[in-house]
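Here is a quick tour for anyone opening this one up for the first time.

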Amino acid sequence: IKFQLMLVYFLAGLAKLNADWLLNAMPLAIWLPAQDQLPIIGWLMPYKATAVVLSWAGALYDLFIPLLLIIKPTRWLAYIAVIVFHVLTYVMFQIGMFPFIMMGATLIFFSAGFHQKVHAFFGFHQKIEPVSYGSERLSYPLKIALAAFVAFQILIPFRHVLYPGNPFWHEQGYRFGWRVMLMEKAGYAQFKVQDTRGNVIEVDNTDFLTPGQEKMMSTQADFMLQYADFLKAHYAKKGVAAAAVKADVYVTFNGRASRRFIDGDFDLTSVRDGFENKTWILPFTETTSEI
């Protein structure tokens, strides 16, 4: 469990070692100005320098907090940093239960004696005996299973390197990579259902999707495939034999100009989602003005 938690932090820090985060302070430079009403520190939020400082601080925190938690002399200082970091992210970005889960889970780095005191404080008096699992206790199959688990947890977050292009753009291999809060992305998607006679029905997304669902769908290719299949089935029930479902999609991320995301002539119902490279996603090219 300690390994899993350390990996979450370290890989999140490793993912922050990119030009957008360290040099352009993106996406914090977009998000922080909206926090100017915070008490005490709110006046600092509109400044680009604040975004730069917090971007670097966030990267350093994620990279080094695992080491500071595992070393006993720095453990308490590191845990205070954990609390400060996650309370701030919760207050500023409203990211759900994740900060509280991490603040609770990282208590596992403390000794059995510490947890005994916590149990006693809350009225639980059952004695906790520290257990040492030496390698001699592990059977060969269990060793293989643990090695496979560790390899899986390390390798899967790097699978995005198998796909050409910018992972922020196409997001293939992006999930389960602990690439946390690295981009502000928005999209516009106009879907069109074309029947066998060549007639085209322009879809109003609000008839089928909540605002949150539409926001997620309009920037993520796998969601577009699911939505296209749904639309084909929906109109089939209404007697419309859909020959193809296509979409005009424009996407922007981290302050860049909006550009076409997928091939507008591609039938999104003609493929199934999988691990293959989605060649119908248009390649991302950076313009001089955006560098």
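How do the residues lining the largest pocket divide into nonpolar, polar and charged? The lining has 13 nonpolar, 4 polar and 6 charged residues. Keep in mind as you look around that this is a predicted model.

**The pockets**

That largest pocket holds about 820 Å³ of space. Its lining is made of 23 residues, and the closest to the pocket's centre are Tyr174, Arg179, Met181, Met183 and Met216. Helix 5 (75-93) and helix 10 (211-217) each put at least two residues into this lining.

Next comes the second largest pocket, with a volume of about 510 Å³. It has 25 lining residues, and nearest its centre you'll find Leu54, Gly58, Phe85, Thr89 and Phe93. Helix 1 (2-15), helix 4 (48-70), helix 5 and helix 6 (98-105) are the elements that give two or more residues to this lining. Which element gives the most? That's helix 5, with 7 residues. By class, the lining of the second largest pocket counts 20 nonpolar, 3 polar and 2 charged residues.

| Pocket | Volume | Lining residues by class |
|---|---|---|
| Largest pocket | about 820 Å³ | 13 nonpolar, 4 polar, 6 charged |
| Second largest pocket | about 510 Å³ | 20 nonpolar, 3 polar, 2 charged |

**The rings**

Now for the aromatic side chains. Searching the whole structure turns up 19 aromatic pairs. One of them is Trp76 with Phe114, an edge-to-face pair with 5.7 Å from centre to centre and 75° between the planes. This pair ties together distant parts of the chain, as Trp76 sits in helix 5 and Phe114 in helix 7 (residues 112-121), 38 residues apart. Phe114 has a relative accessible area of 19%, so it counts as buried.

Another pair is Trp169 with Phe253: the ring centres are 6.4 Å apart and the planes meet at 45°, so this pair is tilted. Again distant parts of the chain are linked, with Trp169 in helix 9 (residues 167-170) and Phe253 in strand 3 (residues 242-253), 84 residues apart. Buried or exposed, what are Trp169 and Phe253? Both are buried. They also belong to a cluster in which ring pairs link Phe168, Trp169, Tyr174, Phe253, Phe261 and Phe284.

Some rings have a charged side chain over the face. Arg179 lies over Phe168, 5.3 Å from the ring centre, and Lys16 lies over Trp21, at 5.1 Å from the ring centre.

Most residues other than glycine have a negative phi, and most peptide bonds are trans. The loop between helix 2 (19-22) and helix 3 (28-31) contains Pro27, and the peptide bond from Met26 to Pro27 is cis, with omega near 5°. Ala25 is in the loop between helix 2 and helix 3 too, and has a positive phi of about 55° although it is not a glycine. With 0% relative accessibility, Ala25 is buried.

Gln94, in the loop between helix 5 and helix 6, also has a positive phi, near 45°. Why does Gln94 count as exposed? Because its relative accessibility is 57%, and exposed means over 50%.

**One last stop**

Asp204 lies in the loop between strand 2 (200-202) and helix 10. Its side chain makes a polar contact of 2.6 Å with that of Thr206. At 40% relative accessibility, Asp204 is partly exposed.

Methods: Residues are numbered from 1 along each chain as its sequence is written. This is a predicted model: local features need pLDDT of at least 70, side-chain atom pairs count only at pLDDT 80 or more; totals for chains, interfaces and linings use all residues. Side-chain values use heavy atoms; hydrogens and water are left out. On a 1 Å grid over the protein atoms alone, a cavity is a set of points where a 1.4 Å probe fits but cannot get out, and a pocket is an open set with protein on both sides within 12 Å along at least five of seven lines; lining residues have an atom within 4 Å of a point. Grid points are joined across faces, edges and corners, and a volume is the space filled by probe spheres set on the points. Helices (H or I, at least four residues) and strands (E, at least two) are DSSP runs, numbered from the N terminus. Ala, Val, Leu, Ile, Met, Phe, Trp, Tyr, Cys and Pro count as nonpolar, Asp, Glu, Lys and Arg as charged, and the others, Gly among them, as polar. Buried means under 20% relative accessible area, exposed over 50%, partly exposed in between (1.4 Å probe, protein chains only). A polar contact is a pair of N or O atoms within 3.5 Å; within protein, one must be able to donate a hydrogen and the other to accept it, and residues adjacent in sequence count only if both atoms are side-chain atoms. Rings of Phe, Tyr and Trp (its six-membered ring) pair if their centres lie within 6.5 Å; planes under 30 degrees apart count as stacked, over 60 as edge-to-face and the rest as tilted. A charge sits over a ring if NZ of Lys or CZ of Arg is within 6 Å of the ring centre and within 35 degrees of the ring normal.
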